[in-house]
Each structure stands twice: as structure tokens, then as C-alpha cells.
Amino acid sequence: MGIRLKTFIVISAGALAVALVMLGAIRIFLIDNLLNQEDQILKQNYKSISIMLNSRKDSLRSTLLDWAKWDDTFNFVKDSNQAYIKDNLQNSTFTDLSLNMMLFLNNKGKIIFAKGYDLENGVKTPIDTGVISYINKHQKQLSNIRGNDILAGMLMVSNRPMIILITSITQSDEKPPADGYLVMGQYLDKSYLNYLDEVTHETIEIGSVNQIQAGPLDDDLVIEKSKTLAMATAFVKDLNGNPDIAITMKRQRNIYDQGIKTLHLFRWVFLAGLFTIIVICILAIDRTILKRLRKLYRFVHEVSIRKDVWSRIELSGKDEISRLATAINQMLEEIKTAYKDIQEGEERFRLTMEATNDGFWDLRIEDMNLYINSEWLRLVGDETLNKEDLYKKYFRPAQEDGSTINNALDDCIRGDKEYLHEEYSVYKITGEQIWILNRGKVVDYDSSGQPKRVVGTFSDITTQKRIEQELYSLSYTDKLTGLKNRAYMEKVLESLDQSAESNYQILMGDLNGLKYTNDTYGHNQGDKLLCQISEIFKKSCSVSDIIARWGGDEFIILIKDKDQLYCQEVIKKIKSECKNISPNLPIKLSIAIGSAEKTGNYKSKDIIKIAEERMYQNKLLESTSLRSSTLLSLERTLFEKDQETEEHAARLRTMCVKIGEAMKFSQYELDELALFAMLHDIGKIAIPDHILMKPDKLSEEEWGIMKKHSEIGFRIAESTPELSHIAKNILSHHERYDGKGYPNGLKGEGIPKMARILSIVDSFDVMTNTRPYKAAISVEEAIEELKACAGKQFDPAIVEVFLKLLKNSK
């Protein structure tokens, strides 16, 4: 990529970044401003609506007080004077006062006179039942109106908003007592809403909250916006004081739309201007900077080709480029001065090499005349060899040992490689093999550019090679078994994959029971199993077979150029040797083996996968008997520790199952409880006999060892598929209900239910049966002990179930 293109990319990227930031900021500012402007218009219009509604309410308030403090009205309420109605409550009265409703109530809130009037159609209308219902429900609230007090507000009447005002009727001097109440109502009719629309330039709607669902019911103005419409809703309190009336304003988003169009136009104008500025900047940079840099580059390139350190360049100006040209001229002057020093240094280097144990050689290509310093020749005992023999020995040796120095030297002379760098072995006169590192380079050319001279060094790397070979051997050997490791086998298989004619078979083996042995008896015993199976492999295979430890408990055998019959014989030998080996553990040595033969274009990974699948099939065939034998071995090992253990476990199993049946356990739970009762002390197989069978009381140290049997049992169960589901019960069977048990101090319901059952039955059986370290007590004494420990050591609810079973069994 040229510097001109790079400059264009950098400037364009920078300008684009600035443009994006500026346009983004302008967009954010403009949109926020437009949105705020819309909000302010909506809020201002709502304020205007509020003022106009309050103005209408104030006008109605004045009319209400005039009529309520009129003596004729006071007297009318007292005697229902019909002349008052005839003279004052005609249709024209409602028209003149712009009223839709008048009600006269006595002190008890009973309606004396009521009239409704439709101003738009000029006809009398009945009083809405909603108004009458409100008056009937708020008699107590009416009694609180005194003097000039007015109860004012809005109600939705027949789905139309009405301003309603209520005050007490008194004489003109406003002295108590009041003689009743006057109610006036005025609809906010369609003509009035149209008037509000004209004043605010909005579409105004007033309705109940159930009709207009616009947001939360609070005193704030709720503003919602769609793509084309902005809507604001305010919730005002009705006559009941509840915010059940919504005033909604709707307007087209013309200002916002115009602002967005302006923003889009500005964006394109801005980008066009920015592109013009970028082009101008690029042209200016190219003229003032890049053109001079190209001139400087051409000069340096010509100097490098001609090796002409006497040339110089001149660039006008006082900037960094002109200073760079001056620096290049100074550098060329220094190179010219140093050239002579280099020649002298080469001579010093030759002399230095002769003073060391490394060898120095100089080969003249024209006649293959080779010079090797005398110190090296004495070191390897080659003083008697002539130059021709030295050349054959060090540069044209026989290639039976895989040496590639011949090709390496030819590549260096032809110029295919700049340096000669090769490791290979030669033999001293004494027959001792040594490894050398040969490094060299063409240092002289003729006038036509052909190489004339190659020089280099010899270094004795025999010790280093021996160390590398030892490390190589260690890196491909499994330290535990002495077999080859996975890395070595993968390298061998990789080389086989590169040969289409390779013929081989793979045996894949998986050692059974290794995890169980590691978890139960420790990794030392597991390592012994691995070593034993490794010896069986070595004994069963021929020397040409490659045996490797593939993983933790997996092994792989590579058999080349042999038939399937041979492989089957190897498998039989391995299986037979496993049966004849006793690993001195309660688990027999066994291994699952699968085999696969290389066919067609399959790669080694495909062959391994087939062998692995067959191995797992073999493992499944052996798993049933192996697992059964594992459980039998565990039980036999446990019961051989103490005859009492087997009898004790049988009693526990019987009683635990009875408790489980009484507690409505499922059959699966009963089976699990029975297995748990039989093997809850399985961890004791790892407790030393002198502690387990001690007739006296255990010491504190011995007791600490004995308490570990629950944790040991947990690990045994975890590593045994048939017991893994009762592992947590085994771990917890010595926990106490009050949290003072071991090993984890679990408490109450935190202890597994089956462990709580076994704790009670185990304690009862221990108390009522003789042990080497204690005498048995009576059943009655044991029952009293269980009652005393209920809620402390034992679950009280399960103790109660157990005692009922004991009582029923008598």
C-alpha cells in the first residue's frame, strides 16, 4: 500500500470520524430541542385549557352564589312556592345562564325541585341518574357546606363532562341556619370543545379514564408520541376528588417532521463539503510532502542497487524531509568511512576464530579450494587430510545418515538461501561421532554478480545434541508407565496419514475401575494398576508394536503390517494376563479393548474413533459382571471386618424399611433405603482393624480416625455407579438433629431424611445389642433414651413413628 493511499485513508477516516461525531451531536441536539419544543407547546396549551376551564367555573360560581343567597330562593325551599318556579326557572333562564341543570335540596339532601335543559336543542331533559346517585351517596359531605363554601368539580354525566357546583341556601345576610342546598351544572358541550380546539390548535377530548387509557393516574401531564401524532393527557379530579377524568390533547408533529427534513438536508451538504476539503488536503499533501518523499525513496533505492556510497541527494526546504535527506548523506559518508574498518574487522575475526575452539572456513567457489583454520583441525584430528578430503568430509559427506549439508551449500551458492545454517554429524579419526553446526554466507561476487567466495564457521554441538536427544526421549515417554505418550503416538500416526500405502491396526483399551481405586484407596494404588496393565501390554505385544498411554486410564497399541488374527491373539493374551494378575485390592484387574483396521482413505483419527466405539461396546458387555463383583467385593470386605456388622446391617435394613413403609415411601425409595442400611458403614473397610475391633473405649486420636469412615464411605459410593445415589446419605448418617453431629454439622431438615431414619434405628440397635465395648440395655430403657434425645440427636417426628412400630410389634 503506497503512502499516498495511506494518507488518503488516514485523512478520510479522521474526517469521517469527526463528521460522524458532529452529525451525531447535531442530531441529538436538534431532536432533543424539537422534542422539548413539542412538550412545551403541549404543556402551554394545557395551561391555557386549565385557565379557560377555571374561568368558566368561576363564572358559574358567581351565578351559584347569587341564586343561593337570594331571599326568594331561601323562601322557595321552605314553602315550595310555585310562583318562584314560574317566574325564575323558565327555559330562557337556563339559556341566559348557560346552565344544563339546577337542583334545589332541603337540609336533609332531599330534592325539592330539579330541572335539566339541553342548551343545544332547547328542550327540557331529565336529571342524569349519576348526579342523583352522587347526591344520595354524599349527604354527609353536603352537611359540611357552610356560608359561602362551595363544593365544585366535574363529573362525567352521560359520558359527557359537566361542571357541577353545590352550595348552601341562606338568606341574603348569609346568617345561619341554611335552608337547603343549590346545585348547578353546565356541560362542556361540543361547541365549547371546538372553541378550545381553535384556541390551542389542538384536538381536545374530555372523558373518563376508562374511556381514555393514556397512562398512570397522577397529577402530571402524560405525553405520548407516535410517528405522526403527539398526544398529552392530564388527569383531573372529579367531584369525588378522584382523578377519574382525562383531558387529552392531540396534534400533528409538523415541527418535528420539518426539523428532521432540515437535518437530512444539512447532512448531505455537510458531507459534500467535507469530501471537497479532503480532496484539496490530499492534493496539497501530495504536492508539498509526498512528491519529495518519492524522490528520496528513488535515491535510496538506486544506492542500494549500485552499492554506491559516494552519491548524494539535495532537497530544498527546512522541514523534516530535508533534514532526513541531510541525514542520509551523512550516513553514506559514515558508511564509506566504515567500509575500510569492515575489511580490517574481517581480518580480526579470522584471527579471533583461530584462537578459539570453533572452526573457521573459507571456500573459493571457482576451484572449490577450502581453507579450515588449524586449531579446528587439531581439535578433530584432521591435520593429515588434504583439502579435497576436507571438502568431501565437511561439505559432500555420504548421505546415509540423512545429512542435508550438500543441498544446503548449493542453495546458499545459488542464492536460494541467504545463509548456510546446517547441523550434521562427522567422525573423528578415532571413530568418535561428533555433531557440528555449520554456518556460512556468500561474501564476494564477480562483476557479473556470480558468487566467488563463501565463508563460515564450525561449532561443536555434540553435548547440546545429546541433551536434545534426552529431552526428546523424555518428551515422548510416559513417566509413570515407561510407555510412549500421546504426543509420540500422534506424531507416528501423522506420518502414517501422509502415506497412502500404510497398513496398520489400532487397539484401544480402557482400564476398568481406576477412578474407583483412586477415590477409595488413593492414587498410589491406582498408579500400581496402571503399571501392572502396562507390563501386561509389553508382555503381550511384540517389539515392533508401539504401545502408548493415550489418557488417564486409556491405552493405544499401534500394530503395523500384521493381520487381524495377530491382533486377536494380542487381545486374548492381555485378557488372560489380567485374569491371572491379583492386584491385592478388592477389585479385579480388567480392561475393555476395541480394535480397528486401516482401510481405504480413512485417516488415523477415523480408525481411532472406530476402535474407541468398539472399546465402549466391549466395556458395556463387561460392566454388569464387573459392577456386581464390585458390590459383592465391597460387602464381603465390610462384613469380614466384623461378623457383627453383617447382622447389624440386616437388622437395620428390616427396621428402616418398616419405617419407610409407615412414612409412605415409594418402592424406589424403599429399595434405596434398604441398600443404604446395608452399606451405610462401607467406609469402615478403610479403618484399621486395631481401631475397629478394639474392645475398650477409643482414644481421642482413634476416635478421630473412626469418625472419618462416613467421608470414606461417601467417596466409595461416589465412585461406584450403583451406590452414587446413596452417597450423600452415607456421608450424613452421623449428623445430629441439633446440628452437633459430624462431619458437616447439618441440622434439622438439612439432614437427608433417610440418614435421619437410620440414625434412630442404628442407635436403638446399638443400645439393645451387646458390643465388645458395652453391654446391652433393655428395650424399655432404649425407648426412654430415644424419647429423651428426640429433638436433640433425633428427628422427633420419626422417633414417634419408630416408637409406634415398636409398640405394635409387641
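Author: Gladly. Helices (H or I, at least four residues) are DSSP runs, numbered from the N terminus. Phe8 lies in one of them, helix H1, residues 3-68. This is a predicted model, where local features need pLDDT of at least 70, side-chain atom pairs count only at pLDDT 80 or more, and totals for chains, interfaces and linings use all residues. Residues are numbered from 1 along each chain as its sequence is written, and side-chain values use heavy atoms, with hydrogens and water left out.

Reader: Why is Phe8 called partly exposed?

Author: Buried means under 20% relative accessible area and exposed over 50%, with partly exposed in between (1.4 Å probe, protein chains only). Phe8 has 37% relative accessibility, so it counts as partly exposed.

Reader: Which residues make the nonpolar surface patch?

Author: Leu5, Phe8 and Ile9 make a patch of about 250 Å². Such patches take residues with over 30% relative accessible area and no salt bridge, nonpolar side chains being joined within 5 Å; a salt bridge is a Lys or Arg side-chain nitrogen within 4 Å of an Asp or Glu carboxyl oxygen.

Reader: What makes a space a cavity, and how many of 30 Å³ or more are found?

Author: A cavity is a set of points on a 1 Å grid where a 1.4 Å probe fits but cannot get out; lining residues have an atom within 4 Å of a point. The search finds 2 of them. The largest holds about 50 Å³, and its lining includes Tyr737, Arg756 and Phe794.

Note on methods
On a 1 Å grid over the protein atoms alone, a cavity is a set of points where a 1.4 Å probe fits but cannot get out, and a pocket is an open set with protein on both sides within 12 Å along at least five of seven lines; lining residues have an atom within 4 Å of a point. Grid points are joined across faces, edges and corners, and a volume is the space filled by probe spheres set on the points. Patches are made of residues with over 30% relative accessible area and no salt bridge: like charges are joined within 9 Å, nonpolar side chains (Val, Leu, Ile, Met, Phe, Trp, Tyr) within 5 Å. Accessible areas come from the Shrake-Rupley method with a 1.4 Å probe; for residues, only the protein chains shown count as cover. Helices (H or I, at least four residues) and strands (E, at least two) are DSSP runs, numbered from the N terminus.
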